Structures are given as C-alpha cells and as structure tokens.
Amino acid sequence: MGERGGKNLHATCRNDMNDARDAIGLTSSEDVCNDTAEKLLSGQPSGDLRLDIIADYLRRAGCRFNITCSCCNPGSTTGRTHYPPWYPHLWSSCSVNICFNNLDESDVADAIVHELVHCMQGCNGGVESGCAGCLCAELQAYYWQNPNPAIPKHARILQALSSCSGDRCKGVSIEQAETMLSDTDYQHCLSTGRRNGSGSPQVVGMACGKCAN
Ligand SMILES: [Zn+2]
C-alpha cells in the first residue's frame with residue numbers, strides 16, 4: 001500500500017542536501033529514518049512508544065520485518081509495505097520502505113508507524129480485498145498514527161481514501177467510500193483493520209502520538 005506524500009520539502013536526495021544540513025547542524029529525514037530503523041531492527045527503544053509497541057508486537061507474533069529508507073520519486077509516496085510474493089497464503093514477514101525525501105523529519109516516525117501497521121495486518125491474516133478492504137486497512141494504519149477520538153469518520157475515510165484512490169478505489173468518491181463501511185465496520189477497521197473484526201488486535205496502551213490535548 002502506498003501513501004501519497006503530503007509534503008515535499010526535500011525534492012532532492014543525498015548529495016545536494018548534505019552540505020547545507022551539516023553547516024547548520026541539523027539532521028535530515030534520511031538520518032532520522034536510518035537511525036529509527038536501526039533501533040527498531042535491533043530491538044532498542046526507538047524513542048516513539050507507538051513504534052516500540054508495534055515492533056514488539058511483530059516480534060512476538062513471529063512477523064519478521066525489515067525497514068529501509070530510500071529516496072523515491074519526489075512527491076510520490078511517503079512509504080510502502082511489501083509482503084512476500086506468496087501473499088496472502090503464507091505470510092510471516094514484510095518489508096517496509098520509507099521515502100525519506102517525501103517526508104519532513106518530524107513526520108518520519110508517523111510514516112514508519114503507518115507502514116508497520118500494514119505489516120501487522122499482513123502477518124495477521126492479510127488485508128481484505130477490494131476498495132472497502134483497502135479503506136479498512138488504511139483506517140487502522142492512520143488510526144495508529146493518531147488515535148484522537150475527535151477526528152470524525154468523514155475525515156478519517158477521506159484520509160484512507162487518499163491512500164487507496166490510486167489503486168483499489170480508483171474513481172471512488174468520498175460519498176461512495178463512506179457508504180462502503182457501516183458504522184460497525186468502521187469501528188472494526190479502526191481497531192483491527194478488518195471489517196469483520198478478525199484482524200490485528202489493537203494493542204492497549206498505544207501512545208497518543210499527536211493528539212490535540
Ligand atoms: Zn497505508
């Protein structure tokens with residue numbers, strides 16, 4: 001599943017960015033991504049409770065994950081999750097790619113959270129097919145980024161649709177998308193990523209990453 005990048009601060013990759021960055025003593029989104037990936041892959045605390053909870057969950061579930069940080073087409077996606085080629089029959093691993101150049105440093109952790117939720121979904125029975133299935137999986141991924149209960153259903157479905165409209169929800173309007181998920185489906189999607197509620201269990205104690213108050 002690919003995510004559309006909302007920001008495009010660094011349209012260039014390594015080389016160009018290096019000198020400017022070092023001169024003013026800042027880190028880049030590439031450094032943040034590599035550093036976070038290294039910590040998560042070696043089992044160290046990442047500094048983001050959401051990430052630590054998901055990584056711990058994946059390890060306990062025997063879901064091997066890999067995270068790579070790479071430079072993608074500017075303005076394209078912020079991240080992508082790949083499942084093994086035999087998906088959806090035998091999943092026990094997943095591979096996340098983070099497009100650091102389409103992310104602000106402060107948004108790198110959010111992007112990794114999002115993709116690792118897709119990993120969790122793959123290892124927990126897979127993502128349901130069709131547009132509704134895509135929306136459902138995206139709802140959970142975005143919910144982990146920000147579980148603030150004040151975010152209304154309409155806004156959450158709009159957000160999910162932004163990640164599905166280039167693929168399984170091509171040509172689907174927000175009105176149509178909203179009718180695809182009943183209120184019960186919607187609640188199941190937020191917590192498990194599947195309409196029937198059989199997917200990933202929501203981990204209790206999830207950090208409220210960017211909740212407004
Ligand atoms: Zn997604």
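**Helices packed against helices**

The axes of helix 3 (residues 49-60) and helix 4 (residues 108-123) come within 10 Å and cross at roughly 20°, where axes are lines fitted to C-alpha atoms, for helices over the stretch in contact, and angles run from 0 to 180 degrees between N-to-C directions. Because of that angle, helix 3 is roughly parallel to helix 4; angles under 35 degrees count as roughly parallel, over 145 as roughly antiparallel, 65 to 115 as roughly perpendicular and the rest as oblique. The crossing of helix 3 and helix 4 is left-handed, a word used if the near helix is turned anticlockwise from the far one by less than a right angle, with right-handed used if it is turned clockwise. Helix 3 brings Arg-50, Leu-51, Ile-54, Ala-55, Tyr-57 and Leu-58 to the contact, while helix 4 brings Ala-109, Ile-112, Val-113, Leu-116, Val-117, Cys-119, Met-120 and Cys-123; two residues are in contact if their C-beta atoms, placed from the backbone, lie within 7 Å.

Two remarks on the model belong here. This is a predicted model, in which local features need pLDDT of at least 70 and side-chain atom pairs count only at pLDDT 80 or more, whereas totals for chains, interfaces and linings use all residues. Residues are numbered from 1 along each chain as its sequence is written.

The protein as a whole has 8 helices and 4 strands, and these are DSSP runs numbered from the N terminus, with helices being H or I of at least four residues and strands being E of at least two. Along the sequence, their order is β-α-α-α-β-β-β-α-α-α-α-α. Of the 213 residues of the protein, 41% count as buried; a residue is buried if 20 or more other C-beta atoms lie within 10 Å of its own, exposed if 12 or fewer, and partly exposed in between, with C-beta atoms placed from the backbone. Among contacts between residues at least 6 apart in sequence, 72% join residues at least 24 apart.

At 1.5 Å a residue, its 16 residues should span 22 Å, and the end C-alpha atoms of helix 4 are 23 Å apart, which agrees; the expected span is 1.5 Å times one less than the number of residues. Helix 4 is mostly covered, with 16 of its 16 residues buried, and it is followed by Gly-125, whose phi is positive, near 110°. Leu-116 lies in helix 4 and counts as buried because 27 other C-beta atoms are within 10 Å. If its neighbours within four places in sequence are left aside, Leu-116 is in contact with Leu-51, Ile-54, Ala-55, Leu-58, Phe-65 and Val-96. The C-alpha atoms of Leu-116 and Asn-66 are separated by 9.5 Å, although these residues are 50 residues apart along the chain.

Helix 5 is mostly covered, since 13 of its 16 residues are buried.

In helix 6 (residues 153-164), the 12 residues should span 16 Å at 1.5 Å a residue, and the end C-alpha atoms are 16 Å apart, which agrees. Its buried residues are Arg-156, Ile-157, Ala-160, Leu-161, Ser-163 and Cys-164. They cover an arc of only 155° around the axis, so they lie on the same side of helix 6; the arc is that of the directions from the helix axis to the C-beta atoms. On the other side of helix 6, His-154 and Ala-155 are exposed.

Asn-73 sits in the loop between strand 2 (64-70) and strand 3 (77-82), and it is exposed because it has 11 other C-beta atoms within 10 Å. Gln-44, in the loop between helix 2 (29-42) and helix 3, counts as exposed with 11 C-beta neighbours inside 10 Å.
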